[in-house]
Each structure stands twice: as C-alpha cells, then as structure tokens.
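Thanks for making the time this morning.

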Amino acid sequence: DLIQAAPILRRRFATLDIHIVGECPQRARLEALAADLGVTGNICFTGLQTKAQVAERMRAADCLAITSKWENQPVAVLEALMCGLPVVAAHVGGLPEIISAGNGLLTPPGDPLRLAEAIVQVVDSPESYLPRQISEQAQLQFSYPAVAGRFDACYQGVLRSKRK
C-alpha cells in the first residue's frame, strides 16, 4: 500500500524519501512494484537495521507508516510514539487502541489513496502532532513502569478477590 501511495505522495511533496526497514520474502516483488510505478528513486529498501539505526531513522522521519493487513501491538509503533513520531496505520487489530487523534491517523487497510491522504495530513499539520505530547502520552501508557503497574494492579485485584 505504501509503495502504491508513493506516486500520489511524490506529486504532493517536492522531496519524498520512503525508507522501508526490515526484510521480507516479498522484497523482490516490492522492488519490482516500485520500479513499475517509477518511484525507485523515492524508496529505499534498507533491509535489517540495528536498533540504533532504526532510532536514527525515526528521529529523522516525519511519520511512521504501518500498512499491515493485521497487527496486534507492533513494537515499531510503540517505539515511534516514544520518540514523539506520529503514526499513520491501517485500522486493524490492536492499532485502534494505540493510535488516537493526537498521535496519528488510522486508514482503511488496502487503500493507498487514503493512506497517502493521511500521510499528507500528518506531515502538513505538525501543530496537531506535537512530539513532546506524543512521547509523554506514550510513556504514560506503554513504558515499562506503566505496564508493570497495570499488571501489578490486576494481580493485586485477583489476590484481594481470593481473600474475600
């Protein structure tokens, strides 16, 4: 979907750099699709990256796009939010529980046009996606202490109910 959205995005942005991080068995097919659409100069298939390299790319990015057809709670989304990076993601699985009006947008899966429109909206509205607020909210919800506190509260509730 992101590769199919690239020609639309290229018409909107004078410079467009899409970095596809990671490896998958479909890489050759995706590279061929980028060539067919004439966007190979705009898309970089980085392959596997170290955590430091991924963090560096996130710090330099305008947004993270997740176009999966199914997801639960992808670590890349949590990492992006912790970095204060807004996320444009397909409305699938657990992503609607993570992405909200202040930290990104959800799009229908399999819709490159709506994906492109959402990316444009996020990039063109930096005042709506403030990095500090995105990061602080992510810390409150997804940091190790926050998650551990919720688990502890759950276990304490179970123990209290057993005592009664």
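This is a predicted model: local features need pLDDT of at least 70, side-chain atom pairs count only at pLDDT 80 or more; totals for chains, interfaces and linings use all residues.

Residues are numbered from 1 along each chain as its sequence is written, and side-chain values use heavy atoms, with hydrogens and water left out.

A pocket here is an open set of points on a 1 Å grid over the protein atoms alone, where a 1.4 Å probe fits and protein lies on both sides within 12 Å along at least five of seven lines, and lining residues have an atom within 4 Å of a point. Volume is the space filled by probe spheres set on the points, which are joined across faces, edges and corners.

The largest pocket holds about 1800 Å³ of space, and of its 50 lining residues, Leu2, His19, Ile20, Val21 and Ala65 are the closest to the centre. Helix 3 supplies the largest share of that lining, eight residues (helices being DSSP runs of H or I, at least four residues, numbered from the N terminus). By class, the lining divides into 29 nonpolar, nine polar and twelve charged residues, where Ala, Val, Leu, Ile, Met, Phe, Trp, Tyr, Cys and Pro count as nonpolar, Asp, Glu, Lys and Arg as charged, and the others, Gly among them, as polar.

The second largest pocket has a volume of about 300 Å³, and its lining includes Leu78, Phe142 and Arg150. Helix 4 gives the most to this lining, with four residues.

Key
Helices (H or I, at least four residues) and strands (E, at least two) are DSSP runs, numbered from the N terminus.
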